[in-house]
Amino acid sequence: MRSTTLLALLAVVLLYLVSGALVFQALEQPHEQQAQRELGEVREKFLRAHPCVSDQDLGLFIKEVADALGGGANPDTNSTRNSNHSAWDLGSAFFFSGTIITTIGYGNAALRTDAGRLFCIFYALVGIPLFGILLAGVGDRLGSSLRRGIGHIEAIFLKWQVPPELVRILSAVLFLLIGCLLFVLTPTFVFCYVEGWSKLEAIYFVVVTLTTVGFGDYVAGASPNQNSAAYQPLVWFWILLGLAYFASVLTTIGNWLRVVSRRTRAEMGGLTAQAASWTGTVTARVTQRVGPTAPPPPEKERPPLLPPPCPAQPASRPLSPAAPEKTEPPSPPTPPTPPTASALDYPSENLAFIDESSDTQSERGCALPRAPRGSRRPLNTPRKPARPRGPGRPRDKGVPA
């Protein structure tokens, strides 16, 4: 992630936090002040009703009660019928262990001993990664099962010839609705019936729990009236499935964002290619309108390459007939002049010229020096076809072929 993107994201998060702080302050601060005033009024009423109790003793008593409530004590357990209730029975301890490894941490029950706190450190370090692995596996299986069921519904829609784009939207909506029905709405009505909460309190507990916020003001099974030992373990298994569902939803959203990002990159690549093609077309049209560029200046001609002088040959040697490809026959009264040619630009043409000059001079009894053996004919050079020998053309033994 780029630095500018990271700073922009940080600014958005800070702005979100500040806006949330302002809203919570406006909503909750008046209620806090009202509760503080009511506590002061109750305290003054108690002191007027019991003049033997001093204000200092009453303050110490209130502090001890608050510490006891923070330690898990409940004033309702002082009655005779609830004297056996404990916040650390097997079901409650199992639920507390589950809140540690799920990182919810309601806070309604806290550890008060040093040994318990030390054990909690190592227990959380081992349990949290272990639960993460379990959560990933359960979320994969749960998401696959839901997608398989939704796949059958998609097949029905496709048989009805519904457009594929609409089918994808409907499948995503069904995936969300089925998950919310199973893990949000159904537990809400269950908690309303079992705990005696309102619908707002029940759905508040569900959302706070499945988002692993866990304030602890509402906790399932924390009431002394709940005597079932299997109730809180069942609540923990619901938490496991609900967290797995939300994990699969987040995974699906992440995959969808990756697909959208890839498509966006492909579309941007196509637009870039189109822009480059359009730029090339415009450049070519402008070049055609302006006209062709001036030709480069001609190169200076090199002096003609003259053949080396020939040694004198005996007059009795018969001359060979002219080459068939030569268009101008040599004149009989005057001796033929040595062929001249201008230098060529390409090595293959130079070699062809040297070869032709050698053949012409061999007819006159003059051999041109050969190229060294180490030199090779350049690649892609057309070979010169062999010169046909006329009938009766003698080969002189003293002249190399």
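**A helical chain, residue by residue**

Visitor: What is the relative accessible area of Asp55?
Guide: Asp55 has a relative accessible area of 42%, so the residue is partly exposed. The cut-offs: buried is under 20% relative accessible area, exposed is over 50%, and partly exposed lies in between (1.4 Å probe, protein chains only).

Visitor: What sort of model is this?
Guide: This is a predicted model, where local features need pLDDT of at least 70, side-chain atom pairs count only at pLDDT 80 or more, and totals for chains, interfaces and linings use all residues. Residues are numbered from 1 along each chain as its sequence is written, and side-chain values use heavy atoms, with hydrogens and water left out.

Visitor: Back to Asp55. Which side chain does Asp55 meet in a salt bridge?
Guide: That of Arg43, at 2.6 Å, N to O. A salt bridge here is a side-chain nitrogen of Lys or Arg within 4 Å of a carboxyl oxygen of Asp or Glu.

Visitor: Which parts does the pair tie together?
Guide: Asp55 lies in helix H2 (residues 55-70) and Arg43 in helix H1, so the pair ties together parts 12 residues apart in sequence. Helices are DSSP runs of H or I, at least four residues, and strands are runs of E, at least two; numbering goes from the N terminus.

Visitor: And what's the relative accessible area of Arg43?
Guide: It is 31%, so Arg43 is partly exposed.

Visitor: How many salt bridges does the count come to?
Guide: Two, by this rule. One of them joins the side chains of Asp114 and Arg117, at 3.8 Å, N to O.

Visitor: Where do Asp114 and Arg117 lie?
Guide: Both are in helix H4. They sit three residues apart, about one turn of the helix. Asp114 counts as exposed because its relative accessibility is 62%. Arg117, at 40%, counts as partly exposed.

Visitor: Zooming out. How many helices and strands are in the protein chain?
Guide: Eight helices and zero strands. From the N terminus, the elements run α-α-α-α-α-α-α-α. Of the 401 residues, 20% are buried.

Visitor: How do you describe two packed helices?
Guide: By the angle between their axes and the distance between the axes. Axes are lines fitted to C-alpha atoms, for helices over the stretch in contact, and angles run from 0 to 180 degrees between N-to-C directions.

Visitor: OK, at what angle do the axes of H4 and H5 cross?
Guide: Roughly 135 degrees. The axes of H4 (residues 114-159) and H5 (residues 164-195) come within 10 Å. H4 and H5 are therefore oblique to each other. Under 35 degrees counts as roughly parallel, over 145 as roughly antiparallel, 65 to 115 as roughly perpendicular, and the rest as oblique.

Visitor: Is the crossing of H4 and H5 left-handed or right-handed?
Guide: Right-handed. A crossing is right-handed if the near helix is turned clockwise from the far one by less than a right angle, and left-handed if anticlockwise.

Visitor: Next pair. At what angle do H5 and H6 pack?
Guide: About 130 degrees, with their axes 8 Å apart. That makes H5 oblique to H6. H5 passes H6 in a right-handed crossing.

Visitor: What about Trp197: buried or exposed?
Guide: Buried, because its relative accessibility is 13%. Trp197 lies in the loop between H5 and H6. Its C-alpha is 9.3 Å from that of Tyr218, 21 residues apart in sequence.

Visitor: Where is Ser144?
Guide: In helix H4. At 25% relative accessibility, Ser144 counts as partly exposed. The C-alpha atoms of Ser144 and Ser248 are separated by 9.1 Å, though the two are 104 residues apart along the chain.

Visitor: Backbone now. What is phi of Thr103?
Guide: Near 60 degrees, a positive value in a residue other than glycine. Thr103 is in the loop between H3 (90-101) and H4. Its relative accessible area is 45%, so Thr103 is partly exposed.

Visitor: And what is phi of Thr212?
Guide: Near 60 degrees, positive, and Thr212 is not a glycine. Thr212 is in the loop between H6 (199-210) and H7 (231-290). Thr212 is partly exposed, at 30% relative accessible area.

Visitor: Last one. Which residues make the nonpolar surface patch?
Guide: Met1, Leu6, Leu7, Leu9, Leu10, Val13, Leu14 and Leu17, about 830 Å² in total. Patch residues have over 30% relative accessible area and no salt bridge; like charges are joined within 9 Å, nonpolar side chains (Val, Leu, Ile, Met, Phe, Trp, Tyr) within 5 Å. Areas come from the Shrake-Rupley method with a 1.4 Å probe; for residues, only the protein chains shown count as cover.

Visitor: Where is Leu17 found?
Guide: In helix H1 (residues 3-49). Leu17 counts as exposed, at 52% relative accessibility.
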